[in-house]
Amino acid sequence: MGNKSPENEMELIRDDDYESKSGTDNMEAPSGDDQDPNDRPKKKRYHRHTQNQIQEMESFFKECPHPDDKQRKELGRRLGLEPLQVKFWFQNKRTQMKSQHERHENTQLRNDNEKLRAENIRYKEALSNATCPSCGGPAAIGEMSFDEQHLRIENSRLREEIDRISGIAAKYVGKPMLSAYPPLPPGASRSLDLGVGSFGANAGMAGEIYGAAADLLRSVSGPSDADKPVIIELAVAAMEELLRMGQTGEPLWIPSSDSSGEVLSDDEYVRTFPRGIGPKPLGLRSEASRESAVVIMNHINLVEILMDTTQWSSVFSSIVSRAMTLEVLSTGVAGNYNGALQVMTAEFQVPSPLVPTREIYFVRYCKQHGDGTWAVVDVSLDNLRPSNISKCRRRPSGCLIQELPNGYSKVIWVEHVEVDDRAVHSIYKPLVNSGLAFGARRWVAILDRQCERLASVMANNISSGDVGVISSPKGRKSMLKLAERMVMSFCTGVGASTAHTWTTLSGSGADDVRVMTRKSMDDPGRPPGIVLSAATSFWLPVPPKRVFDFLRDENSRNEWDILSNGGLVQEMAHIANGRDPGNSVSLLRVNSANSSQSNMLILQESCTDTTGSYVIYAPVDIIAMNVVLSGGDPDYVALLPSGFAILPDGAIDQTGGIPEVGSGGSLLTVAFQILVDSVPTAKLSLGSVATVNSLIKCTVERIKGAVLHDGA
């Protein structure tokens, strides 16, 4: 067609597509693409629509770009146009939109390609000008300060990416490809608008998580310009490894000896991936696992959750104690995360102060593949900071996402780390060594449960599983959103995160109480003053399900809850948010036996999957709760969540049944948060600490007595 300006292209569309048919001015001919040029009349005429007709059709186009015959007839009747005129207007509008979209994507691709070429040139220059730190002479690659394995990854992968993008851009096809470094401020991210109560939508909770993380991580800087090409190389190689790790069976993955799953063959792994991030450091233990599941969420939303730090931290709050994006190297192209690349730091936890967290500095890379599969991969960047001795290294890990009908997705998750976990307390060692504490099965189980919860949040009706005082969908969503913040607050405060400073009150036993204090000021979601957190973990010779059912049941609450001691506990509202009946949000009323105390409300969420269970609750003000139940904003309801985390004491089989490691008991963490003084500047008294210590020990003894007696 030759080079044409956008104006010329649109004039061509009008000349070709608004041509009169059968000698009348009111009928329009098919578009130029649908006619033989030799058959066209020499005289071209076209119908000019009125401004009102154009506005009406523009408005309809936004809602439905492809109207059917019935819709075209109805629109034509309303606007005084023939259905054929309406048909051709929509055809030409779609052609115009496609043309504009392709021009935009082509420009974006060319810009991205130039940036990638410039980075490649800088990388080559940096290598050619490098000097040896010892003698000052020219450096061989192996003498540079980066890890030798990184620098021995040839530049061919990057060149292949450049050549591929160049070829596509030259062919003027608007396919999304890798974007190198588009101008975006560090830490920028996109929000996933999934409606009220969506993961990460709570600004107050996000501030709470990121406030602690930011204070601790200010000294952690993003990558230098010299590091960025190495990071790109590493990310591309990690993506290839993840695809093979996720899709390859034997001999890479072999059945375990007890038939409970599959095990990675270390020898085959080294043969298959000889380069990677280098050999395993001394003192670290390898831990690899793979799990797959079908979840009730479409692939687009899944990718967005994984690539947005706030979303990711919210969905996986029970395993991600804090996370931060240090720098966004690429946001992807064509309006999605295809090619997105970001440098991050995160801390992974087990909900107990007895298990040290795993801190990781890594790059996350997202890519869409030709078969419609999306992949998101992480790989550690510790070798770019050789002065730091890492206790956990993340080899290529992440997930593959395959779109399925009806909004479902198939997820294959791979976790592969090298870790020093010698500081794990002995009662948690079987669980951690089995891979269940941090492995792929736990990630997938949490994702599956959270997808069910989100589907419940997004429901626009009161389901049959909901009972009680909830009278509107808005009130239902507000209550779920408040419960989400409560759960996140509990999870981020119960583990051994380095953002916390736990103090042990006595000895070195497993069930000793650990405490820490926080000053709460100007936080609308938390009462002002000094908050004392206390937690303890211990073992029970009782299956996790029995412990979970006992703690979540309002009828047995007065057996362990000192606040409701002797009082009648009634469930005023119940929201089912998952397949398992244990997944629910409840509003409880405690009618105290002490007439001097006013009636108290308790918000509670219980959730369970094959890898762990939680019962989390918080006293709530009656007036504030009425606002929430009427659909009001829950962000300003002050909460101090307490609760329980219940884990198996060892691995479980494929069906989630009888434990294979340990004795089949439970690991129970009990955590309280109590406002000990409403003045934030007050000093913490020893009496307050002693009271909390007595409270938690008394609660533990009551739970032990009740569940052991029931199990006898």
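Helices and strands here are DSSP runs, numbered from the N terminus. With that in hand, let's walk through this predicted model. The protein chain has 17 helices and 20 strands. It runs to 712 residues, and 53% of them count as buried.

**The chain as a whole**
- Take the contacts in the protein chain with a separation of 6 or more: 68% of them come from residues 24 or more positions apart.

**The loop between strand 9 and strand 10**
- Strand 9 covers 397–403 and strand 10 covers 409–419, and Y408 is found in the loop between them.
- Y408 has 34% relative accessibility, so it counts as partly exposed, because that label covers values between 20% and 50%.
- N406 isn't a glycine, yet its phi is positive, at about 65°.
- With a relative accessibility of 74%, N406 counts as exposed, since the cut-off for that label is over 50%.

**Helix 13 against helix 14**
- Two packed helices are described by the angle between their axes and the distance between the axes.
- For helix 13 (residues 440–458) and helix 14 (residues 473–494), the axes come within 9 Å and cross at roughly 145°.
- On the helix 13 side, the residues that meet helix 14 are R453, S456, V457 and M458; their partners in helix 14 are R476, K477, L480, A483 and E484.
- Sorted by class, this contact has four nonpolar, one polar and four charged residues.

**G578 and the residues around it**
- Look for G578 in the loop between strand 15 (568–576) and strand 16 (584–591).
- Its relative accessible area is 29%, so G578 is partly exposed.
- Leaving out residues up to four places away in sequence, G578 touches E452 and N583.
- G578 and C607 are 29 residues apart in sequence, while their C-alpha atoms are 8.6 Å apart in space.

**A cis peptide bond**
- The peptide bond that joins E250 and P251 is cis, with omega at about 5°.
- You'll find P251 in the loop between helix 8 (227–247) and strand 1 (253–255).

Note on methods: Residues numbered from 1 in each chain as written. Predicted model: local features only at pLDDT ≥ 70, side-chain atom pairs only at ≥ 80, totals over all residues. Heavy atoms only, no water. Helix = DSSP H or I, 4+ residues; strand = E, 2+ residues; numbered from the N terminus. Buried < 20%, exposed > 50% of the residue type's maximum accessible area, 1.4 Å probe, protein only. Axes fitted to C-alpha atoms, helices over the stretch in contact; angles between N-to-C directions. Contact = heavy atoms within 4.5 Å. Nonpolar A, V, L, I, M, F, W, Y, C, P; charged D, E, K, R; others polar.
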